[in-house]
Amino acid sequence: MLNSFKKIFSGSKTEEHPTAQYGKPDISREKSAALYEKAKSYFPGGVNSPVRAFKSVYGTPLFIQKGDGCYVWDADDNQFIDFCASWGPLILGHNHPKIRESVIATMQNGMSFGAPTALENNLAELILKNNKYIQKIRFTSSGTEAVMSAVRLARGYTKRDKILKFEGCYHGHLDALLVKAGSGLVTFGETSSAGIPKAFADETIVVSLNDEKAVKAAFKQFKDQIAAVIIEPIPANNGLLLQTKEYLQFLRDICTKNKTLLIFDEVISGFRIDFEGAAAYYQIQPDIITYGKIIGGGLPVGMYGASAEIMSTISPDGPVYQAGTLSGNPVAMAAGISQLTELLKPGFYKNLNSKTEEFAESIQRFATARNYKFKVFSIGSIFWFAFTDKESISSSEEIDPASMEKFKVMHRELLNRGVYLGPSGYEVGFVSAAHSKIELEKAKRAIFDSLDVVFGNK
Ligand SMILES: *Cc1c(COP(=O)(O)O)cnc(C)c1O
């Protein structure tokens with residue numbers, strides 16, 4: 001989301017497909033295009049979240065009319081195997097019957113009360129019984145809200161102001177973290193959006209991922225001032241920038257030594273890599289963890305959690321204020337309960353992850369056999385298509401922006417072959433439990449053909 005967001009500001013526009021004569025003819029997008037024209041008169045850029053605007057790929061956004069299992073259908077009745085999965089939440093696929101039924105049943109009793117319900121307890125119990133990295137939680141209505149609250153909690157708890165973040169990690173659209181690195185090893189953030197006071201960005205330190213030296217230098221320069229280090233332990237918003245366990249352990253140790261809190265932003269990785277997320281995958285105990293996406297089963301839920309001691313800083317127990325009219329909304333809680341209950345069934349993650357690994361490996365084998373400059377990076381059920389010959393990419397500086405031109409072609413060729421990926425080469429894809437082997441085979445064939453077009457073999 002990060003880079004697509006930047007791209008919109010740099011104003012790239014739709015162009016003709018340079019290799020259209022070799023690929024498949026374009027599917028009809030007339031109805032989507034008409035809806036988009038209308039939407040542009042209602043919403044800035046015609047959308048309610050910028051990455052949806054298709055600024056980094058060919059054509060105009062597809063308007064989706066329905067989803068079922070691993071499929072979505074657009075307004076022109078084109079059918080796609082979907083790997084965007086609403087940007088991550090739909091780990092069971094679209095329109096899962098258990099989630100749908102529990103949502104409908106819950107709605108029979110009303111939509112929202114602004115008073116506690118047993119459903120909040122039920123979802124909390126399901127989570128806390130099965131996650132040893134957090135003791136107390138608070139539900140919010142989005143990932144951004146969860147991160148914003150976690151940052152405030154860290155500042156309130158440590159009585160310090162500065163936050164250290166990493167270039168290439170996205171944490172939602174809160175002011176404190178919409179900042180990017182300047183030039184130099186350790187920099188104050190430069191705002192990556194208009195409308196953020198410089199004074200806010202001055203409280204955020206930005207360093208490159210996978211760079212111990214820069215983190216050490218920051219702790220030296222800002223001794224006793226850093227409230228928290230925040231990282232996506234599995235950075236998946238700007239490509240898939242896998243970090244080593246050693247690096248994450250280094251962050252854990254330097255935070256402990258400096259009485260700085262370590263925040264894992266697991267809005268994507270939580271409940272995705274494993275029920276307990278990246279904390280369990282790497283076996284590292286962060287101080288605060290944020291969640292979102294999967295937790296709400298497709299409805300708006302976020303959450304942050306920590307030890308009971310740290311969480312006692314939150315109001316009404318403590319001095320850090322945080323609230324929400326719709327927080328813990330019963331319908332959203334019901335969706336979360338249904339989804340997470342499925343995830344806790346034996347073998348769920350093993351099946352999903354091995355299916356994804358097979359998928360990623362066979363695409364890689366195809367590309368390698370044809371000497372294509374193309375890598376599939378993957379972990380759990382997350383994958384990223386990168387037009388590179390690097391064996392690993394662990395910081396955003398290693399991504400070649402020029403390679404995104406190839407993604408643009410691939411994206412269009414895939415749409416024409418019935419496969420829907422998020423509309424930016426900086427975005428990862430998600431395999432869901434609803435992607436059967438048959439559909440993954442179909443998707444693979446579309447991917448192979450699209451790669452042939454991208455690399456001029458067709
Ligand atoms: C999606 C995401 C967010 C923001 O969540 P929203 O629900 O979009 O506000 C924050 N952090 C990470 C790591 C994310 O992937």
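Biologist: How are H7 and H8 oriented to each other, roughly parallel or roughly antiparallel?

Modeller: Two packed helices are described by the angle between their axes and the distance between them. Here, in a predicted model, the axes of H7 (residues 212-221) and H8 (residues 245-257) come within 11 Å and cross at roughly 10°. So H7 and H8 are roughly parallel, a label for angles under 35 degrees. Axes are lines fitted to C-alpha atoms over the stretch in contact, with angles from 0 to 180 degrees between N-to-C directions. Helices are DSSP runs of H or I with at least four residues, and strands are E runs of at least two, numbered from the N terminus.

Biologist: Which residues of H7 and H8 meet?

Modeller: Contact means heavy atoms within 4.5 Å. Glu-212, Val-215, Lys-216 and Phe-219 of H7 meet Tyr-247, Phe-250, Leu-251, Ile-254 and Cys-255 of H8. That contact divides into seven nonpolar, no polar and two charged residues. Ala, Val, Leu, Ile, Met, Phe, Trp, Tyr, Cys and Pro count as nonpolar, Asp, Glu, Lys and Arg as charged, and the others as polar.

Biologist: How many helices and strands does the protein chain have?

Modeller: The protein chain has 14 helices and 17 strands. Its C-alpha atoms fill a box of roughly 65 × 55 × 45 Å along the principal axes.

Conventions:
Residues are numbered from 1 along each chain as its sequence is written. This is a predicted model: local features need pLDDT of at least 70, side-chain atom pairs count only at pLDDT 80 or more; totals for chains, interfaces and linings use all residues. Side-chain values use heavy atoms; hydrogens and water are left out. Angles under 35 degrees count as roughly parallel, over 145 as roughly antiparallel, 65 to 115 as roughly perpendicular and the rest as oblique.
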